[in-house]
Amino acid sequence: METKIEFERRVYLFACKHGLTLDWQNMQFGYRRARLQCKNDMEFQTIWNLARKIKNIRVDTWVCCEGEFEGYVYLMYEADWCEMQRKQEDERARLEDWWQRYHVADPGTKSLMACGAIE
């Protein structure tokens, strides 16, 4: 099983091999992902296609073609992405439950919930 350090090393080597600008973005719950900046549409498509072939990596993209081209390919350790998605779903469910209880609560309970005295 690959470690996060090996994943980061592979991403760094991938970026160096293709002459890409690499930086790391912090994500929710302490996770992070690599961001590869692409100079044009052709480079964007090439890097996206190459990155999708790498095992154990989640590939996402963002591109804007209006005016000056701006595109990014994001790479994240697949296990981290799955765990982050699970945590985000748990957080969404917790917030939805809170809102449901808040809307049916009496004014005194709403006040306590709003200030955090009641979760």
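This report describes the fold, overall dimensions and salt bridges of a predicted protein model.

## Fold and dimensions

The protein contains four helices and four strands. Their order along the sequence is α-β-β-α-β-β-α-α.

The radius of gyration of the protein is 20 Å, whereas a compact globule of 119 residues would have one near 14 Å.

## Burial, contacts and surface

Of the 119 residues in the protein, 28% are buried. For contacts between residues at least 6 apart in sequence, 44% join residues at least 24 apart.

## Charged side chains

There are 18 positive and 20 negative side chains in the protein. The centres of these two sets are 5 Å apart. Side chains of opposite charge can pair when their charged atoms come close. Across the whole structure, ten salt bridges are found.

Helix α3 spans residues 78-104 and includes both Arg 86 and Asp 90. These two residues are four apart, about one turn of the helix, and their side chains form a salt bridge with an N to O distance of 2.8 Å. Arg 86 is partly exposed, at 41% relative accessible area, and Asp 90 is partly exposed at 43%. Arg 86 and Asp 90 also belong to a network of salt bridges with Glu 83.

A further salt bridge joins the side chains of Glu 91 and Arg 94, at 2.9 Å from N to O. Glu 91 and Arg 94 lie three residues apart in helix α3, so about one helical turn separates them. Glu 91 has a relative accessibility of 25% and counts as partly exposed; Arg 94 is partly exposed with a value of 40%.

Asp 97 and Arg 101 provide another side-chain salt bridge, with an N to O distance of 3.0 Å. Because Asp 97 and Arg 101 are four residues apart in helix α3, they are separated by about one helical turn. The relative accessible area is 42% for Asp 97, which is partly exposed, and 31% for Arg 101, which is also partly exposed.

How values were computed: Residues numbered from 1 in each chain as written. Predicted model: local features only at pLDDT ≥ 70, side-chain atom pairs only at ≥ 80, totals over all residues. Heavy atoms only, no water. Rg over C-alpha atoms; globule rule 2.2 N^0.38 Å. Buried < 20%, exposed > 50% of the residue type's maximum accessible area, 1.4 Å probe, protein only. Contact = heavy atoms within 4.5 Å. Lys, Arg positive; Asp, Glu negative; His and termini not counted. Charge placed at Lys NZ, Arg CZ, Asp CG, Glu CD. Salt bridge = Lys/Arg side-chain N within 4 Å of Asp/Glu carboxyl O.
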